[in-house]
Amino acid sequence: MRIKFFGTILLLFLSAQTFAQQSAKDFGFMENLIKPQDYKAKRISSYDRTGGNNDRYRINKGETIVFAEINGPAIITHFWNTIMPEPFYSAKVVLRVYWDGEKEPSIEAPIGDFFCMGNGVDRRFTSYPMDAGSEGRARNSYWQMPFKKSAKFTVTNEGEIDVVSFYFQLDYREVKSLPDYTPYFHAQYRQEYPH
């Protein structure tokens with residue numbers, strides 16, 4: 001019985017190691033560690049510019065705010081967000097992102113849906129490009145979002161009360177240039193009520 005149990009544990013260990021090695025190969029994690037990197041790592045966030053502890057933005061009912069504007073060329077590598085307003089708020093706060101001065105947004109979705117939190121309900125969630133901790137309130141996106149000239153991030157409060165605490169952090173890589181064939185990230189929310 002003990003030999004069978006040990007064999008099962010060994011098999012699970014070897015399977016996990018093989019999966020980890022294959023995953024690292026598939027995603028190029030280890031290979032990228034030894035390649036020279038030619039970028040400047042930068043961050044923009046809702047920190048208090050006075051040095052105090054008022055590190056959040058307020059979004060009044062019906063208001064749209066621009067919470068980040070970044071000059072390119074650059075690649076967004078991480079977007080973190082949390083909000084403290086009314087119930088089901090994540091279906092009522094709409095995220096829009098505009099690349100390179102465009103008039104129509106390339107990203108337009110309720111902020112919860114963008115971070116894989118549907119129906120305005122916060123829940124723990126983990127996948128390769130997205131993660132939501134603290135019961136879904138601390139949301140992370142690791143989608144690579146390149147742009148050549150500029151990026152503008154806005155949020156609109158379509159809820160019934162003011163959002164008094166909107167926190168965010170955007171990590172990005174400032175690069176010298178991007179190839180002409182670089183694809184832009186797009187996400188559009190769609191909803192229908194069929195009869």
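Modeller: Buried means under 20% relative accessible area and exposed over 50%, with partly exposed in between (1.4 Å probe, protein chains only). Keep in mind that this is a predicted model: local features need pLDDT of at least 70, side-chain atom pairs count only at pLDDT 80 or more, and totals for chains, interfaces and linings use all residues. Residues are numbered from 1 along each chain as its sequence is written, and side-chain values use heavy atoms, with hydrogens and water left out.

Colleague: With which residue does E174 form a salt bridge?

Modeller: First the general idea. Side chains of opposite charge can pair when their charged atoms come close. A salt bridge here is a side-chain nitrogen of Lys or Arg within 4 Å of a carboxyl oxygen of Asp or Glu. E174 forms one with K42, and their closest N and O atoms are 3.2 Å apart. E174 lies in strand 12 and K42 in strand 1, so the pair ties together parts that are 132 residues apart in sequence. K42 is partly exposed, with a relative accessible area of 33%.

Colleague: How many salt bridges does the structure hold?

Modeller: It holds 5. One of them joins the side chains of D38 and K176, at 3.6 Å from N to O. D38 sits in the loop between helix 2 (29-33) and strand 1 (40-45), and K176 in the loop between strand 12 (163-174) and strand 13 (187-188), so this pair links parts 138 residues apart in sequence. Both D38 and K176 are exposed.

Another pairs D162 with R58, with closest N and O atoms 2.9 Å apart. D162 lies in the loop between strand 11 (150-157) and strand 12, and R58 in strand 2 (residues 57-59), so parts 104 residues apart in sequence are tied together. D162 is partly exposed at 28% relative accessibility. R58 is partly exposed at 46%.

Colleague: How many helices and strands are there in the chain?

Modeller: There are 3 helices and 13 strands. Helices (H or I, at least four residues) and strands (E, at least two) are DSSP runs, numbered from the N terminus.

Colleague: How do I read a strand? Which way do the residues of strand 8 point?

Modeller: In a regular strand the side chains alternate between the two faces of the sheet. In strand 8 (residues 130-133), M130 and A132 point one way. D131 and G133 point the other way, and all are buried.

Colleague: In what sense do strand 6 and strand 13 pair?

Modeller: In the parallel sense, over 2 bridges. E108 stands opposite Q188 in strand 13. Strand 6 also pairs with strand 5, in the antiparallel sense over 4 bridges. In that pairing R96 has E108 as its partner.

Colleague: Back to strand 9. Is N140 buried or exposed?

Modeller: N140, in strand 9, counts as buried at 10% relative accessibility. Its side chain makes a polar contact with the side chain of H78 at 2.7 Å. A polar contact is a pair of N or O atoms within 3.5 Å; within protein, one must be able to donate a hydrogen and the other to accept it, and residues adjacent in sequence count only if both atoms are side-chain atoms.

Colleague: How many residues are in the largest nonpolar core?

Modeller: The answer is 33. A nonpolar core is a set of buried Ala, Val, Leu, Ile, Met, Phe, Trp, Tyr and Cys residues joined through side-chain atoms within 4.5 Å. F67, L95, W99, F114, F153 and L170 have the most contacts inside it. Elements supplying at least two residues each include strand 3 (64-71), strand 5 (93-99) and helix 3 (111-114). Strand 12 gives the largest share, 5 residues. Take F67: leaving aside neighbours within four places in sequence, its contacts (heavy atoms within 4.5 Å) include Y57, F79, L95, F153 and L170.

Colleague: And what share of the 195 residues is buried?

Modeller: Buried residues make up 40%.

Conventions. Pairing = 2+ DSSP bridges.
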